[in-house]
Amino acid sequence: PIRAGMADSVEASEHTSAARRVAANRSDANLVSDKLQPLGSGVRGVPLSISAGAYLELIDWTAHLVQPGKCHLGPLATPSVLNRLGLRERQWQFQVLGIESRYFRAIGGAESLMAKAEEMGQCWLKGLRTAQRLARQTV
């Protein structure tokens, strides 16, 4: 919604998981440090290895990459979660801005895309070449 100009901030991005997480974190400050859990009824999974607060920081920072000058939740320092994921700012921006054109159905590293394709009974998924390029860090 921010990239499309429909919202000025993460919390104003109606009907998104990020807006729901901001609202939940405002009602219970302890959730910020909890590991990120899937949202929605019937969705079960293993918590991700980042906190809800780190996820929201990354979402907010990413919004500024695609729409500079929009409102934000906090400082614009590069989120530390990018370093933990082994990504550079430019790599992250390249992936995020390529979601609609370079990827389809899944986004991630080459190994994870191949595993997902196999799980789906396919030989490959769109985005494999992009993932390989990012792994070589030629972006």
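Predicted model: local features only at pLDDT ≥ 70, side-chain atom pairs only at ≥ 80, totals over all residues.

Reply: Residues are numbered from 1 along each chain as its sequence is written, and side-chain values use heavy atoms, with hydrogens and water left out.

Me: Which pattern does the chain follow along the sequence?
Reply: Helices (H or I, at least four residues) and strands (E, at least two) are DSSP runs, numbered from the N terminus. The chain has six helices and zero strands. Read along the sequence, the pattern is α-α-α-α-α-α.

Me: What percentage of the residues of the chain count as buried?
Reply: Buried means under 20% relative accessible area, exposed over 50%, and partly exposed in between, with a 1.4 Å probe and protein chains only. The chain has 139 residues, and the share of them that counts as buried is 35%.

Me: Which residues does W92 touch, not counting residues up to four places away in sequence?
Reply: Contact means heavy atoms within 4.5 Å. With residues up to four places away in sequence not counted, W92 touches L58, W61, T62, L65, L82 and L87.

Me: How much space lies in the largest pocket?
Reply: On a 1 Å grid over the protein atoms alone, a cavity is a set of points where a 1.4 Å probe fits but cannot get out, and a pocket is an open set with protein on both sides within 12 Å along at least five of seven lines; lining residues have an atom within 4 Å of a point. Grid points are joined across faces, edges and corners, and a volume is the space filled by probe spheres set on the points. For the largest pocket the value is about 1200 Å³.

Me: Which residues that line the largest pocket are the closest to its centre?
Reply: The elements that give two or more residues to the lining are α1 (17-27), α2 (52-66), α4 (89-97) and α6 (128-135). The largest share, six residues, comes from α2. Of the 39 lining residues, the closest to the centre are I59, T62, W92, V96 and I99.

Me: How many residues of the lining of the largest pocket are charged?
Reply: Ala, Val, Leu, Ile, Met, Phe, Trp, Tyr, Cys and Pro count as nonpolar, Asp, Glu, Lys and Arg as charged, and the others, Gly among them, as polar. The lining divides into 25 nonpolar residues and 11 polar ones, and the number of charged residues is three.

Me: Is T62 buried or exposed?
Reply: T62 is found in helix α2. Leaving aside neighbours within four places in sequence, T62 is in contact with W92 and V96. Its relative accessibility is 10%, so T62 counts as buried.

Me: Within what arc do the buried residues of α6 fall, seen down its axis?
Reply: L128, T130, A131 and L134 are buried in α6. Their arc, taken from the directions from the helix axis to the C-beta atoms, places them on one face of the helix. What covers them includes α4 and α5 (110-119).

Me: Which residues does T130 touch, not counting residues up to four places away in sequence?
Reply: T130 is found in helix α6. At 12% relative accessibility, T130 counts as buried. Beyond four places in sequence, T130 touches F94, R102 and Y103.

Me: How far apart in space are G109 and L128, C-alpha to C-alpha?
Reply: G109 is found in the loop between α4 and α5. G109 and L128 are 19 residues apart in sequence. Their C-alpha to C-alpha distance is 7.7 Å.
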